[in-house]
Every structure is written in C-alpha cells, then in structure tokens.
Amino acid sequence: MTSFLALRFRKKKKVLTLEYRLFRAPACLAAGSPMIIYLILFLGLLNWASFMSSRVLMSLYAIELGASAAAIGVLIAVYGVGPLLLSIRAGKVSDRFGSFRPIVLGSAGMAAGMVIPYFFPRLEVLYLAALVIGVALVFLNIALQHLIASLGEAEDRTRNVSLQSLAVALSAMIGPLLVGISIDNRGHVPTFLYMAIVVLLSCFAWIACRRVIPHKTLAAKAEAGGGLRVLLGQSGLRRITIISGLVAAGVDLYTFYMPIYGHSIGLSATMIGVVLGAFATAQFVVRSVLPILVRRWGEDTLMTGSMYLAGATFLLFPFVHQLAALLLLSFVLGFGLGVGQPLSIIMTYNRAPAGRTGEALGLRFTIVNFTHMAIPVAFGTIGSALGLVTVFVANSLLMAGGGYFHHRGAKRGPDQVK
C-alpha cells in the first residue's frame with residue numbers, strides 16, 4: 001500500500017522535535033496512475049521556477065554590488081559551464097541509476113548553490129553559486145526529462161513532454177515575478193534564502209513521493225561500446241541533435257535582437273515587451289496542441305515545417321516597422337520555434353539506442369548549451385560589422401537550412417524508433 005511521508009516540527013518543553021507520520025496516498029496518485037505526470041510536473045515546476053528566478057536574482061544583485069555589464073554577462077555564462085561539460089555524464093547516470101538519485105541530489109545541490117550568497121553576500125561568491133547551481137541543474141533536468149519521456153507509450157510521451165514544456169513556460173512567468181516582489185519587499189539577500197527553502201522543500205517532496213513515482217525505468221539493456229561515436233553514428237539522432245541546437249539559436253537570437261531592432265525603429269520599452277509577449281504566448285498555445293499536431297502531420301513533417309516557418313518569418317522582420325505587423329510576425333515565429341524544443345526532446349528519446357536514452361538527452365543538452373554560448377557571440381560579431389538586417393537574414397537562412405537538412409535526412413529512410 002502506497003504511503004506518503006509527512007514531516008512535522010513540534011515544540012515540546014523548549015525542544016524542537018521532528019515527527020514522522022505516514023499517510024495513505026489518494027487513489028488518484030497510486031503507482032501507475034495517469035495523474036502521476038501532474039505530480040511530477042508540479043514538483044518539477046518548483047525546481048524550474050527557482051532556477052529561472054535565480055538568474056534574475058543573480059543579475060539584479062550583481063548590479064546592486066556594482067558589477068559591470070561584462071561581469072554580469074560572464075556570471076550568466078557560468079551557469080552554462082556545468083551543462084556544457086557534464087550533460088552526457090548526467091545522462092549516463094540517469095540511464096544507470098534511474099531518475100530518483102540525480103533529481104534529489106540535483107535539488108539539494110541547487111538549494112546549496114542558492115543559499116551560498118545568503119551567508120557570503122559578495123560579488124565573487126555569486127560566480128561560485130552560479131557554477132554550483134548549473135552543475136546541479138544538469139543532473140536534475142536530464143533526469144526529469146528522462147523520467148517524463150519514459151512514462152507511457154509513444155502517444156503518451158508526446159502529451160507528457162508537451163505538458164512539461166508548458167510547465168517550463170509557466171515557471172518562466174511565475175518565478176521571476178515572485179522574485180521581483182520578494183526583492184522589492186525583503187531585499188536581495190533574504191530572497192536567496194527563500195529560494196533555497198523552496199528548492200529544499202521540493203527535495204523533501206521528491207523523497208516523500210518516491211513510492212508513487214516510477215523513477216527506475218525498465219529500459220532495454222544498453223547497446224555496448226562506441227560511446228559518442230555510436231550515438232552520433234545514428235543519422236536520425238545526429239540530425240535531431242543538430243536541429244535542437246538551431247532551434248535554441250533561433251530563440252536566443254530573437255530574444256536578444258528583437259529588443260534592439262524595436263528600439264532602432266522607435267518602439268518604447270513597453271511596446272517591445274508586448275511584442276516579446278506575443279512570441280511567448282504563441283509558444284504556450286502551440287505546445288498545448290502539440291499532440292494533435294503530431295498525430296495530424298507526424299514528427300518529421302512538423303519539425304521541417306516549423307523550421308521553414310521560422311526561416312520565412314525571420315526574413316520579414318527587418319522590413320516591417322509597424323507595431324501590429326511586428327506583433328503578428330512575433331506570434332507566427334512563436335508558433336514555429338515553439339514546436340521545436342518539446343518535439344526535439346520527443347524525437348531524441350524515440351531515436352536513441354536502447355538503454356541509452358538518458359545519454360542521448362544529455363548529448364542534446366550539451367549541443368543546446370553550446371549553442372547558447374557560441375551563436376550569440378558569432379551573430380553579435382556579424383551584427384556589429386554588417387548591421388541588424390544581416391543578422392535577421394542570416395538567421396532566416398540558418399532556420400531554412402535546418403529545415404531542408406532535416407527534410408532531406410528524413411526522406412532517406414525511417415529512423416530508429418522505439
């Protein structure tokens with residue numbers, strides 16, 4: 001019989017004691033219940049929201065401490081060091097031990113990273129905290145992706161990953177808002193402690209719910225040998241890994257260059273925010289109907305079409321100066337790029353060698369983080385030398401080229417699908 005572990009602090013004779021009580025789990029949360037995915041997403045939302053909030057808090061506190069723009073840029077880049085170097089290792093850990101250990105240890109690591117600036121409120125300490133949080137995140141995030149993608153059959157997988165992408169989008173809206181409120185009312189340093197407590201509570205919740213969440217996936221025995229060579233030797237997996245990086249590049253370049261372009265044509269900061277909001281809204285909408293789109297057109301056709309749509313939309317941006325038209329273009333672009341991130345997770349899982357799905361997800365995470373670091377620098381150089389129009393045109397060619405690359409590869413034959 002499934003039970004939950006509840007912890008209660010009780011003050012008795014000036015001594016704080018810890019009581020353990022077991023509660024019977026509701027029938028809707030019995031092991032194997034379809035409702036389990038919502039429990040997992042709720043706990044994941046606490047982790048994702050805390051991570052996204054930490055980036056905002058770190059930046060604002062660094063400004064408070066007098067950091068330059070370049071120093072803040074380096075601080076945010078430090079978050080990506082762990083994912084860039086350890087993603088594949090984190091995937092192997094998830095394949096070997098299941099998701100429970102990396103999720104719990106990742107949550108504990110994030111809590112430790114967030115509490116460091118509370119005890120040592122100095123600028124140089126923020127870099128250490130960002131590094132710890134980034135390393136913890138990679139083990140937590142890949143294990144969560146592996147767990148969510150492993151639940152149910154292929155059709156359930158599409159629905160589950162789509163729900164995950166919605167939870168991540170919701171985290172991006174809720175987390176920074178709550179951090180801003182906390183900073184305004186309590187200050188930067190106490191907010192680090194509050195965030196650490198939230199993540200620590202999620203860690204305890206993962207432990208308490210261990211019996212109802214199927215952390216150990218019953219995967220096939222791992223295919224032997226080859227390491228990365230075997231993973232990259234699979235044309236379908238190699239192709240979708242590259243596409244994942246291109247989608248991440250498209251989102252990063254839009255997020256960075258749309259405000260610059262909006263400012264150049266005289267839009268106010270509020271109107272620029274509204275344009276960016278149209279992009280985020282479209283992403284949320286398209287991810288909510290992703291399972292329907294996959295059933296209608298299939299994974300490969302949908303991915304190819306989304307890349308072509310993004311390429312065409314980027315090409316139009318530098319020739320549009322009216323707010324209404326920019327809102328429409330941003331909404332359409334959100335549809336195109338909003339498909340790519342969750343669909344690439346599904347396709348990576350489906351095309352990974354037997355028993356190495358976590359490692360394949362780690363490879364994808366590595367490429368995405370490399371793209372986050374490299375592409376903005378490369379396109380920033382292009383923009384500085386040749387102007388904003390060149391950036392949008394180059395990004396259009398990048399997206400369209402990715403669509404053609406994926407379409408041509410898909411036509412060669414069926415990929416390995418679990």
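# Rings, cores and helices

Me: In this model, are Phe-51 and Tyr-79 buried or exposed?
Reply: The model is predicted. The cut-off for a buried residue is a relative accessible area under 20%. Phe-51 and Tyr-79 both fall in that class: they are buried.

Me: How many aromatic pairs does a search of the whole structure find, and what is the geometry of Phe-51 and Tyr-79?
Reply: The search of the whole structure gives 10 aromatic pairs. For Phe-51 and Tyr-79, the ring centres are 5.6 Å apart and the planes meet at 85°. Planes over 60 degrees apart count as edge-to-face, so this pair is edge-to-face.

Me: Which parts of the chain does the pair of Phe-51 and Tyr-79 link, and how many residues apart are they?
Reply: Phe-51 belongs to helix H1 (residues 36–64). Tyr-79 lies in the loop between helix H2 (69–78) and helix H3 (81–97). The pair thus links distant parts of the chain, with a separation of 28 residues.

Me: How do the rings of Phe-314 and Phe-317 pair?
Reply: Their centres are 6.4 Å apart, within the 6.5 Å limit for a pair. Both residues are buried. The planes are at 45°, so the pair is tilted.

Me: Which residues form one aromatic cluster with Phe-314 and Phe-317?
Reply: Phe-314 and Phe-317 are both buried. The cluster that holds them also contains Tyr-254, Tyr-261, Phe-279 and Phe-392.

Me: What is the distance from the charged end of Arg-210 to the centre of the ring of Phe-100?
Reply: The charged end of Arg-55 sits over the ring of Tyr-79, 5.6 Å from its centre. Arg-210 is placed in this way over the ring of Phe-100, and the distance to the centre is 4.0 Å.

Me: Which residues does Asn-395 touch, not counting residues up to four places away in sequence?
Reply: Asn-395 is part of helix H15 (residues 388–411). With a relative accessible area of 2%, Asn-395 is buried. Its C-alpha atom is 7.9 Å from that of Leu-253, 142 residues apart along the chain. Leaving out residues up to four places away in sequence, Asn-395 touches Gly-250, Leu-253, Phe-314 and Phe-379.

Me: Which residues touch the most other members in the largest nonpolar core, and which residues does Leu-326 touch?
Reply: The largest nonpolar core has 51 residues, and Tyr-254, Phe-317, Leu-326, Leu-333 and Leu-343 touch the most other members. Beyond four places in sequence, Leu-326 touches Met-258, Tyr-261, Ile-265, Leu-267, Val-275, Phe-317 and Val-320.

Me: What span does H1 reach from its first C-alpha to its last?
Reply: Just after H1, Gly-66 has a positive phi of about 90°. H1 itself has 29 residues. At 1.5 Å a residue the expected value is 42 Å, and H1 is close to that, reaching 42 Å.

Me: What share of contacts between residues at least 6 apart in sequence joins residues at least 24 apart?
Reply: The protein has 15 helices and 2 strands, and 48% of its 418 residues count as buried. For contacts between residues at least 6 apart in sequence, the share joining residues at least 24 apart is 80%.

Terms used
Residues numbered from 1 in each chain as written. Predicted model: local features only at pLDDT ≥ 70, side-chain atom pairs only at ≥ 80, totals over all residues. Heavy atoms only, no water. Helix = DSSP H or I, 4+ residues; strand = E, 2+ residues; numbered from the N terminus. Buried < 20%, exposed > 50% of the residue type's maximum accessible area, 1.4 Å probe, protein only. Contact = heavy atoms within 4.5 Å. Phe/Tyr/Trp six-rings, centres within 6.5 Å; stacked < 30°, edge-to-face > 60°. Lys NZ or Arg CZ within 6 Å of the ring centre and 35° of its normal. Core = buried A, V, L, I, M, F, W, Y, C linked by side-chain atoms within 4.5 Å. Expected span 1.5 Å × (residues − 1).
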